[in-house]
Amino acid sequence: MRSFAVFSVLIALLAGLPFTAGLPGEFVFDDIPNIVNNTSIHLTELNMAAVTEVLATPQVSGSLRSLPTLTFALDYWRAGGADPAAFKTTNIVIHVLSVLVLAWFFRRVFQLAGVRSVPGGWWALGLAFAWAVHPLQVSAVLYAVQRLQTMGTLFLLLALVAYLQARHAQIEGRSGRTGLLCAVLLWALAMGCKEDSILLPAYTLALELTVLRFAAMDSRLQAVLRRGYLIAALTGTAVFLLWVIPAHWHWDAYPGRDFSTLERLLTQGRVLWLYLWQILFPLPSHMPFHYDWLEPSRGLFQPWSTLPALVGVAALLVLAWSQSHVRPLLALGLFLFFAAHFVASNVIGLELAYEHRNHFALVGAMLAVGSVAMQCPYARPRPALQALLGLLVLAALAAATVQRAHAWRSNETLAQASTAAAPRSPGHGSNCATRNSWRVVRYRGTTPDWTRRSPPARPGPIRIRRR
């Protein structure tokens, strides 16, 4: 355990290095109202009265996100102003801490799944590092305001580790009450960062359905766990059907959007496959940061990829259910990935796609991919080859992250990189502080067919847009 602790700290520190290529960077988009123009977080004196005022002041991002708001104020105080490098450095530190916790989470999951301790430890370290240096994480870490998401992920991971510790104690015949209490407290902290942290029970249910199997030394506790999760699932379903859907459903377009609830739900199948494409083929050119070019699905066959995408999502969920006993790690990874997108890919009228929504979902994706690699018949008999291939993959991910982070060193370079990845996006010029009042949007790109917006028939392949 001591050697694992040392290596987990080492890989966590290494995982933060690729993101330093994006320093000092600049503030963009939601950073402006939440940080630059938000005088309530402009802390000039560090005392209890000033901190209390920060916590008590209603925020642009929402009243439940008090913990990240407090850290914004502390960054402003220690930097003597709204210094982007200070805010982004704190984001990197939070990311490093998440890597450290994730390595221990993976290690415990592998132990419960029956993976031998030595290879399981190395796989836990490797997958945690792969999660950390995946280029999809750049916009979550270097986009200052997305600390809301990254802090939420950190507390969720801590809560899951505490939950696994408690359940392990119950399997061995101990009460596990301390671990469960810690998990609840950490869940409350996660809820103080981002509202989608409410999905923690869905993540623990995924653990129970796969690696834990509602096991406990006390048979009565097993029955309590099964009944408790059944009641919780039925209650959550009732709340979703009777309150969430009626509160957010729009037959016509949402206010400020060009799509209705039904169109949004149809589109999310394609969006989820877009995320999977970016995860499995992590080239910076596949990650444009702007997704305002994504055409909503107007029907099951408009575009044609809508129905196949929805069928594919359903097929993956059926696969996860069918493999929950045979390949629990694969099933757990798929469950975690889709559960993490339940809020953002549902009836609430959010934008169709954002990369930072994968910050926690990528945990499940890495676990699913890792479980497949662990059972590869060609690499298993050759541990040296397996280690070499793993190092090459990790090095490639880190290099792609350095490349993408380098584009975040200024708004001008970010605009250039984003325009190159998604030339059809109308948002680059106005939001990335390009210098011209007029800009050219060219209809060409490298995105997969399931997300491609068809170019207008007129005025042609080139359109001039005013900022």
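Here are some notes on this predicted model, taken point by point.

1. Ground rules. Since the model is predicted, local features need pLDDT of at least 70 and side-chain atom pairs count only at pLDDT 80 or more, while totals for chains, interfaces and linings use all residues. Residues are numbered from 1 along each chain as its sequence is written, and side-chain values use heavy atoms, with hydrogens and water left out.

2. The overall picture. The chain has 18 helices and 2 strands; these are DSSP runs numbered from the N terminus, with helices being H or I of at least four residues and strands being E of at least two. Of the 467 residues, 52% are buried (buried is under 20% relative accessible area, exposed over 50%, partly exposed in between, with a 1.4 Å probe and protein chains only). As for contacts (heavy atoms within 4.5 Å), take those with a separation of 6 or more: residues 24 or more positions apart account for 75% of them.

3. Salt bridges across the chain. Searching the whole structure gives 11 salt bridges, each one a side-chain nitrogen of Lys or Arg within 4 Å of a carboxyl oxygen of Asp or Glu. One of them joins the side chains of R147 and D75, at 2.7 Å from N to O. That pair links distant parts of the chain, with R147 in helix α8 (residues 147–171) and D75 in helix α4 (residues 66–79), 72 residues apart. Both R147 and D75 are buried.

4. R167 is buried, and so is E208.

5. D258, E263, E295 and R298 are linked in a network of salt bridges. Within it, the closest N and O atoms of R298 and E295 are 3.6 Å apart. R298 counts as partly exposed because its relative accessibility is 31%, and E295 counts as partly exposed at 23%.

6. How α5 packs on α6. The axes of helix α5 (residues 84–112) and helix α6 (residues 117–132) come within 8 Å and cross at roughly 145 degrees. Axes here are lines fitted to C-alpha atoms, for helices over the stretch in contact, and angles run from 0 to 180 degrees between N-to-C directions. On the α5 side the residues in contact include H95, L102, F106 and F110, and on the α6 side they include W123, L127 and W131. By class, this contact has 12 nonpolar, 3 polar and 1 charged residues. For the classes, Ala, Val, Leu, Ile, Met, Phe, Trp, Tyr, Cys and Pro count as nonpolar, Asp, Glu, Lys and Arg as charged, and the others, Gly among them, as polar.

7. Helix α15 (residues 358–374) has 17 residues and spans 23 Å from first C-alpha to last, close to the expected 24 Å; the expected span is 1.5 Å times one less than the number of residues. Because 14 of its 17 residues are buried, α15 is largely enclosed by the rest of the structure. α16 has 24 residues and reaches 34 Å, close to the 34 Å expected. The buried residues of α16 are L394, L397, A398, A400, T401, R404 and A405, and what covers them includes α6 and α7 (138–142).

8. The loop between α12 and α13. D292 is found in the loop between α12 (261–280) and α13 (306–322), and is partly exposed at 33% relative accessible area. D292 and R424 are 132 residues apart in sequence, yet 8.8 Å apart in space, C-alpha to C-alpha. Q302 is in the loop between α12 and α13 as well, and counts as partly exposed at 48%. Leaving aside neighbours within four places in sequence, Q302 is in contact with P296 and S297.

9. S410 lies in the loop between α16 (383–406) and α17 (411–421). At 18% relative accessibility, S410 counts as buried. Beyond its neighbours within four places in sequence, S410 is in contact with G25 and E26.
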